[in-house]
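Thank you all for coming. I would like to walk you through one model this morning, so please have the sequence and the structure open while I talk.

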Amino acid sequence: MTNTLGSPCRPSMNEPPQPDPDGQSFDEALSASVYDVFPDVLYAFDLDWQLRRWNDSLLERTGYTSDEIADMSPLEFVPEDERDRMRAIVEDVLTNEETRRAESELLTRDGERIPFEFNGSPMTDPSGDVVGLAGVGRDISARKQREQELRQYETLFETIDDGVFVLDEEMRFVDVNQAFASMAGYDREELFGEDVSTVSRDVDLDAAVRLSEEIRDSDRDVASLESRLVTADGDFVPLETHFSLLPSDAEFEGTVGVSRDVSERKARERELRQRRDQLETLNRINVVIRELVRSLATTASREEIEETVCTHLADSDLYQFAWIGERTLDADVSVRAEAGADVGTRGIIGDAADREGWERPASVALRTGEIQAVNDATVDTEMSTTVEKFTRDLPVQSGIAVPLSFGETTFGVLVVYATRTDAFGERERAGFAALGDLVAFAINAVESRRLLFADTVVELEFRLADPGALFVGLSDDLDCECRLRDAIPAEDETMLCYVEVTGSSPETVLDAIDDAEAADGARIVESGDDVALIEFRITGASPIVTLAGHGASITRAVADVGEAHVVAELAPDADVRSIVQSLQSTFPAMELVGKRDVERPAGTVQEFRTALDDALTDRQLVTLRAAYRAGYFDWPRASTAEEVAEGLDISSATLHQHLRKAQKKVLEAFFAG
């Protein structure tokens, strides 16, 4: 009879052999031959657990001799910790007369444990009674090694963070790990059998095919590809994939690859590129600003300054168009200077603001005094819908509106357009903020210089009855007259004012100024019968500050019983309309009641002052004027050095330094004449 693997076993033990002419049974000879040539271990034992037959493979694998094996139990060939289990299996074979297969280990004479698979079948005699067990033992070390490697591969396949995939020769998914499925947004089972195009772009598939052909035609084993994975939601995930071809008897059987999500790396690279571009752009902006500063040094008028700024910006390859505008009486923005290719952008923006009730960035900048930047007009949620649609078809993609402010005075707004998105990031905005301050300072300096050297000036007279203005309200509440004696630029864009008050007690006036939001640091410099000289700093809106910011010289300012009259001198070509608009934007009730040309009398006093202005620095002149108005030079002194210094927000040591140098220059100018 045969065992379960079809291996021949000798007949029942008590069947007598048939002798042949040579005295040896043919069956015995055949059985011995089969036993000896079979590579696996063959064995047979009876019901008393006595080994009755074995082949040479058992000797070779265990290291025992035949004599030693003859005295051994079959269970001695398995490790002690396996014997109970194997005994139960053998008894089950003998009892139930069925073939069983079991994995265990073959224990050698040296104690080595070799993985083995044992197959056993019952042996019966002619009457059908079970008389023993015949079996085959096969070394499964190689199979166990393969299984171990497979388990390791499967563990690696599932635990690796990168996505792993296997494709067949038709480019269909045979297997993917969970990481790949998660990246793609599918369940693993959903991808099995799907074409790789399900998660790939055509351009990436074409590149993969070219690389596969290169692998087949060269000595390369692995190819690398950067691509984008198309997720189930239609999103894109940047991948870096390394793949190889699976060899077979045919030319090509499939592909195995590992894909890594490189979104973070790409974001870092993009950030580095942006920073590099920003630095390069900043350097170029700085070059433009330096050239602009040199040009502004030789400009002689506000109009020339504005034209120079717009031209320099538009002529650089950084920007498409630049213009400077000012606020009109109806809160719109009118253009003063422009340069570059507008391509209709400003007109579209203006129309959208009129029709849709949307406030354009230039108007916001003028109203708030803060920079307004749009880095992508097509997606900016604060932009007009009309403007968003319009910019999709135009080279203009971003823009910035920069208020041109000096102190409390805003001369206008600089608007610049660029053809690239993100042209006005944080650093660029800081650069344009500095440029806006520079342009406003230059305009103020030009206006002041023209006034200083003009033989003929324009004299403007204003009337204001707005109780919101500090001294208009104060004169009405206290029934007094307030007359400006001097206004001197101080620190932090404030003005140090000296006002003579008549008709009210100095203490009452001082308390009223202290309670006002637009002034602080008030003190009494001098006081007499019904007259007091009050020193204080203007920190809020004031017509005096606005006029000074436009380069005007205040020759008279008086507030009496709720109405103020202010007279100021300006250069003959000053933009009167712009100044009036600027005043009325803060004080709508302010009226221009007089405008006249005035000849400045030539004389030694004016020449002396001009010479002193040339000799004294700004700080020396400011300090000297403040000390004089505060009565520092009176005897006895109306103010101490500490009090004057406190008004200017400087130390007394600094005050003394400026005063000493200024006094020397005044005396030098006087005695030099």
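This is a predicted model: local features need pLDDT of at least 70, side-chain atom pairs count only at pLDDT 80 or more; totals for chains, interfaces and linings use all residues.

Let me begin with Arg143, which is partly exposed at a relative accessible area of 25%, where buried means under 20% relative accessible area, exposed means over 50%, and partly exposed lies in between, with a 1.4 Å probe and protein chains only. Residues are numbered from 1 along each chain as its sequence is written, and side-chain values use heavy atoms, with hydrogens and water left out.

The side chain of Arg143 meets that of Glu117 in a salt bridge, at 3.4 Å from N to O; by salt bridge I mean a side-chain nitrogen of Lys or Arg within 4 Å of a carboxyl oxygen of Asp or Glu. Arg143 lies in helix H5 (residues 141-159) and Glu117 in strand S4, so the pair ties together parts that are 26 residues apart in sequence. Helices here are DSSP runs of H or I with at least four residues, strands are runs of E with at least two, and both are numbered from the N terminus. Glu117, at 10% relative accessibility, counts as buried.

Glu326 forms a salt bridge with Arg577, whose closest N and O atoms are 3.2 Å apart. Glu326 lies in strand S11 (residues 321-327) and Arg577 in helix H18 (residues 576-586), so this pair ties together parts that are 251 residues apart in sequence. Glu326 counts as buried at 2% relative accessibility, whereas Arg577 counts as exposed at 51%. Salt bridges with shared partners join Arg302, Glu303, Glu306, Glu326, Arg336 and Arg577 into one network.

Turning to the sheets, I would start with an open sheet of five strands in the order S7-S6-S10-S9-S8, with antiparallel pairing, where two strands pair if DSSP finds at least two bridges between them. Strand S7 (173-176) and strand S8 (223-230) stand at the edges with a single partner strand each, so one side of each is left without a neighbour in the sheet. On average, and ignoring direction, neighbouring strands of this sheet are turned by 30° against each other. Helix H8 (residues 202-216) packs on the sheet, touching S8 and strand S9 (236-246), and its direction makes about 160° with that of S8. Contact means heavy atoms within 4.5 Å, and the axes are lines fitted to C-alpha atoms, for helices over the stretch in contact, with angles from 0 to 180 degrees between N-to-C directions. Helix H9 (residues 263-296) lies across S8, S9 and strand S10 (254-261), running at about 125° to S9.

Strand S22 (residues 563-570) deserves a look as well, since six of its eight residues are buried. Strand S16 (residues 456-464) pairs with S22 in the antiparallel sense over seven bridges, and Glu461 has Val567 in S22 as its bridge partner. Strand S21 (residues 553-560) also runs antiparallel to S22, joined by seven bridges, with Ala559 opposite Ala564. S21 and S22 form a hairpin with two residues between them, and in that turn Val561 has a positive phi of about 50°.

Just after helix H4, Glu97 takes a positive phi of about 50°. Trp49, in the loop between S1 and strand S2 (51-54), has a positive phi of about 60° although it is not a glycine, and Trp49 is buried at 18%. Asp649, in the loop between H21 and helix H22 (652-672), likewise has a positive phi of about 60°, but Asp649 counts as partly exposed at 49%. Finally, the peptide bond from Trp635 to Pro636 is cis, with omega near 0°, and Pro636 is found in the loop between helix H20 (618-629) and helix H21 (641-648).
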